[in-house]
Amino acid sequence: MMTGTWSVACLLLAAGTGTSPGTPEGVTFCNKTTLDFPITVDPSRQKSIRELELYVSINQGRSWNLAAKAAPTQSLFRCSVPGEGLYWFTVLILDQNRRKEPPSPYGTEPGQKLIVDLKKPDVHLVSAERKDGTVVVRWDISEEYLNLPSLKLEYRPTDGAETWTSVPVTREQSGQAVIDSPAAVTVRLSVEDLAHNLGMAEAKVPAAASATTTVAIKPIESPGDAGSNSAGAGTSPPAPSASGSAATAATTLPTSLPSPISPPPAVAAGSGEGPPAPPTGDSSSVQRVSVSPTPPRSSLGSGAIEELTPPPSSGKEPGGVVASSPPATSPSAPPASLPAVTPEKDLSLQVINTRRVTMEYEVAKLGPSGVGSVELYVTRDNGLKWERIEGEHGASPPAPGGKSAEVVHRTLSVDMAADGVYGFYLVVKSGAGLGKQPPKAGEPPQWRVEIDTSRPEALLYGPQANPSQGDVLVLSWKATDNRLANTPISLQWADRKDGEWHNIGEAQMPNSSSYNWHVPSNIPAKVYLRLTVRDVAGNVAVAETGEPVLVDLSVPVPRILGLVKSGAQ
């Protein structure tokens, strides 16, 4: 019998290092959809192996798909899974006589169970409230697979050194702590889930005053969050093992899976209404941390929080923030002077920017009894759990007595409570009660939709002169979104705010963070600038300068021609 092991360089949370209520046993977690599995095969066994086959199941072993094949000398497989959910992996070894070991993925224990989780924990600072010389911090965290040991509450003096100090707290999803300090402080709460997605929120609290002040909370993006939900190479989960097999392998799972192989015959979401009011009562049990007041610094000091509203002086200094998009969670149309962009589509996942999902479906092979009932089921975890959901039918189902084999087309609309990835399963029964049964746990959805109603964030920086080209200005920007479009950027200028806007470069450009603008010779010295950022769902963010920005940054070069002769006119 061939023997071997899987060798995997892994960036995931190791099994058993974190627990969460409801976590399936023996499951590891990943926060990427592209997984790298290095292959390690004993050189003395390579000649006896013809091929390695990796299979994947999205319904806990009820059906298996061949994901990839590899030669025993191959060093790496890459597996791209279509989205979030639970995946089972197993490996079969094909010897030189084309015998497989084990003969089939059915009935064998999977080598790897993996949950792909792309969403970071929802960290909500309920309040950071100044009460005389103390700051009371209260929080609430929403996350199914929370890694509570990673929870950290930190602070720093807002006008002091940018050194964060940890606060000892009881690690719980809803908690509170008190900081004893009359100085202005910045508070930060962060926590990871079992897939290492990092959720974070910050709040600035002013110095003590005569009245109690409650500051607004601004959630912030965790480091490297932009685009983090897109598939990326280099993430390697613990590899599935081949039962009794000689080699280890990893794989590339295509986004659109081939038809599953047949088993042996014996195998049979709501948005909140704002933060709740801080609880009142005795806070003697709340943990306290003392902080020494820090003298105010010069305004030249840098802050830890990037303000969405640009500072007043930024428009006068090249490279400073000159415009930012307003924070919003509702979809926005592009400016009238830009062409509308059709949202990009993924064959395995459609992304939309509305929480009202309207699907078109057809019913074929109708008998005389017509359609008796239409039921819609929804899942948030790729089929692990299903719930029936009521929808709004676009038209009444055909009445009994319709023609046999008639095909009818109908629409069904449902309103979802929150953004996220949803799977749908439609069950239609005839007037005689015949039809498919509702989906069971582990059954994959028939159709998947991601709802994204959040606009991207856009920051436009002031132009800077290109030192090597006198007629070129460097325009820089920052565009942040989990799913930016392929060419999400548009830059424009206008001589008046209500004037005609002219494209800078192509109408739609890649997110390269900067662009060398060959300034036209007839352009005014100051112009209005506009940055437009689009995501895959069709949401649009616009950052537009409120005042004209200087684009003539050329430096005059004087040269003395010589002495003017006496008496010369």
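Author: Leu153 has Val167, in strand 12, as its bridge partner. Strands here are DSSP runs of E with at least two residues, numbered from the N terminus. Strand 12 covers residues 165–167 and runs antiparallel to strand 11, with 3 bridges joining them; two strands pair if DSSP finds at least two bridges between them. The model is predicted, so local features need pLDDT of at least 70 and side-chain atom pairs count only at pLDDT 80 or more, while totals for chains, interfaces and linings use all residues. Residues are numbered from 1 along each chain as its sequence is written, and side-chain values use heavy atoms, with hydrogens and water left out.

Strand 11 also pairs with strand 14 (residues 185–193), in the antiparallel sense and over 8 bridges.

Buried means under 20% relative accessible area, exposed over 50%, and partly exposed in between, with a 1.4 Å probe and protein chains only. In a regular strand, side chains alternate between the two faces of the sheet.

Elsewhere, Leu460 sits in strand 29 (residues 457–461) and counts as buried because its relative accessibility is 2%. Leu460 and Ser325 are 135 residues apart in sequence, with 8.8 Å between their C-alpha atoms.

Definitions and conventions: Helices (H or I, at least four residues) and strands (E, at least two) are DSSP runs, numbered from the N terminus.
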